Amino acid sequence: MSSFDDTVTPLHETSNSIGSGFLNRRRVLTVALGGAAATVALPVPAWAANDKRPGSHQAPKLTSDDRKVIAQISSRRALEHLVALSEGIGPRIGGTESERRAANYIAAHFDKLGYDTTLQPFTVADKFTGQLSSPAGLPTDLNWQTGASAHAALNTSVTGSVVDVRAGAASDYPADVRGKIVLVDYVAARREQVVATAVAAGAAGVILMAADAAPPRLAGTFSPTLPGSANNPVPIPVLAVAQSQKNRLRALLAAGPLTLTAATTAHRNLTSNNVLAERVGRSGKNGPIVMISAHYDTVIGAPGANDDGSGTALCMELGRVLKAIPTNATIRFGLWGSEEQGLIGSRYYVRQMPQAERDRILAVYQNDMVATSWDPATRYWLLSFDGQDNRATSEVTASARRLGYEPQISPVTQRGSSDHQSFQEVGIASANFSWRGEESPALLEPPYHTPEDTIAKNISLERLQVSMELIGTAAYATARA
């Protein structure tokens, strides 16, 4: 989910009904990715079609059409895609090689299912990333990708012992830091001054330590700007780490000497891609369209298990489920690139679409952060950019009623910040669907946009299963008539 106009709200006490139900199921699923060492163990949904779902108000009252979809949904299969994206590929930065690998993986899946699949390319801005490693190894439960300054040394790597100079004033430095990598607290107003002090002291590299976010949120990584050095780049690499990486680095250093390798990369002349896959319905190639969508890119440093590997996995699994169920409307899946930079992929897609094509779209079901395991995220939010009900929100409300979830879904609530906004800006019925805190859609889980957005720390397969049932039945109801 893009944060370009997000606000952060303090954590409040919330109902825990759905969270408690999810945590009570203990059957464990382990998935290995291609024989690799990484495995994921999560509670697996174990309900039958007629069972009352965790956190739901009552037992479902499913139609025969609902059962066609629900009987085939497999969170096991969805998890395999999530492992491939967030663990196998990791951070998927718009336009970089990692995002391209993810696009190819998604496209291959839909190709195999027999969809008409295309990649829609568009240009995006340069990116600047860092990577930390250590000869002794770093903890593997965190991703160690960082941001890097475009106004410092790029496409380089330095190795040195680590010194923590905290605030970074000259008096905070030990007698000799020549050839060493310094950790410095990040304060925006002082960033150029502290970097200049490190350079003057002979440091080999600078790691800026993100300021703590307001609880319960954690600060993510970033690519620091050094405007005064734009025409005269700093001669050493300058990286910036997230709050969780900062805390871990300081704990490692407190336990004994620490040596790091800090590498920076400039990613230039970038092309991002939307992945589009469709199956033409009985009404033919000029008939109505129902879209199911998500974004597959991430912010720097985040494996993006929930944001938005979860929505991507939902689309990929529903692609399998819906491939052979006859519908009147065309089913089209849209996996958007570069959402995190400001909805770039979906806006590009909408701009390229002739009005006649726009008019064919009945509804767009955008799925962004649909599987967090954070206990307070007990409400399933129906988010509309204009705050008004439309075909997408009304169909999901109807599905929630049949599944027994109506009290747990929000009223239609005004909010952008995801790809549904791109469609609603041009009058296409669309909404974003997401698990968040009960009191406000701004109550996002602590791992949001951080290296801790991992399957182990931030995914509930049961919430993912419920999301797939809600969207799958709603989209089918829209498309079948």
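This is a predicted model: local features need pLDDT of at least 70, side-chain atom pairs count only at pLDDT 80 or more; totals for chains, interfaces and linings use all residues.
Trainee: Before we dig in, what is the mean pLDDT of the chain?
Mentor: The mean is 92, and 92% of the residues reach 70 or more. Over residues 4-28, though, the pLDDT is below 50, even though the model gives this stretch 69 contacts beyond near neighbours in sequence. Residues 31-38 also stay under 50, with twelve contacts beyond four places in sequence.

Trainee: And how should coordinates be read where pLDDT is low?
Mentor: Not in detail, where the confidence is low.

Trainee: Where do β4 and β10 pair, and in which sense, parallel or antiparallel?
Mentor: β4 (residues 127-133) and β10 (residues 259-267) pair in the antiparallel sense, over seven bridges. As an example, Phe-128 has Ala-266 in β10 as its bridge partner.

Trainee: What about β7, is it buried or exposed?
Mentor: Four of the five residues of β7 (residues 181-185) are buried, so the strand is largely enclosed by the rest of the structure. On one hand, three bridges join β7 to β6 (residues 156-164) in parallel, and Leu-183 stands opposite Asp-164. On the other, β7 pairs with β8 (residues 205-209) over five bridges, again in the parallel sense, with Ile-181 bridged to Gly-205.

Trainee: Which helix goes with β7 and β8 in the β-α-β unit?
Mentor: That is α5 (residues 191-200), and the unit is right-handed.

Trainee: Now the open sheet. How many strands has it?
Mentor: Eight, in the order β3-β11-β13-β12-β14-β17-β15-β16, with mixed pairing. β3 and β16 stand at the edges with a single partner strand each, so one side of each has no neighbour in the sheet. Neighbouring strands are turned by 20 degrees against each other on average, direction ignored.

Trainee: How do β11 and β13 run, and what packs on that part?
Mentor: β11 (residues 270-279) and β13 (residues 330-336) are antiparallel and joined by five bridges, one of which links Glu-278 to Arg-332. Helix α4 (residues 97-113) lies across β3, β11 and β13, at about 15 degrees to β11. Helix α8 (residues 344-352) touches β3, β11, β12 and β13, and its direction makes about 110 degrees with that of β3.

Trainee: Changing topic: how do α3 and α13 cross?
Mentor: The axes of α3 (residues 75-89) and α13 (residues 461-480) come within 10 Å and cross at roughly 110 degrees, so the two helices are roughly perpendicular. Ser-75, Ala-78 and Leu-79 of α3 meet Leu-461, Leu-464, Gln-465 and Met-468 of α13.

Trainee: Last one. Where is Met-369?
Mentor: Met-369 is in the loop between β14 and β15, and it is buried, with a relative accessible area of 0%. Its contacts beyond four places in sequence include Asn-306, Asp-308, Trp-435, Leu-444 and Tyr-448. Trp-435 is 66 residues away along the chain, yet the two C-alpha atoms are separated by 6.6 Å.

Conventions. Residues are numbered from 1 along each chain as its sequence is written. Side-chain values use heavy atoms; hydrogens and water are left out. Buried means under 20% relative accessible area, exposed over 50%, partly exposed in between (1.4 Å probe, protein chains only). Two strands pair if DSSP finds at least two bridges between them. A crossover is right-handed if, with the strands pointing away from the viewer, the path from the first strand over the helix to the second runs clockwise. pLDDT is the predictor's confidence in each residue, from 0 to 100. Contact means heavy atoms within 4.5 Å. Axes are lines fitted to C-alpha atoms, for helices over the stretch in contact, and angles run from 0 to 180 degrees between N-to-C directions. Angles under 35 degrees count as roughly parallel, over 145 as roughly antiparallel, 65 to 115 as roughly perpendicular and the rest as oblique.
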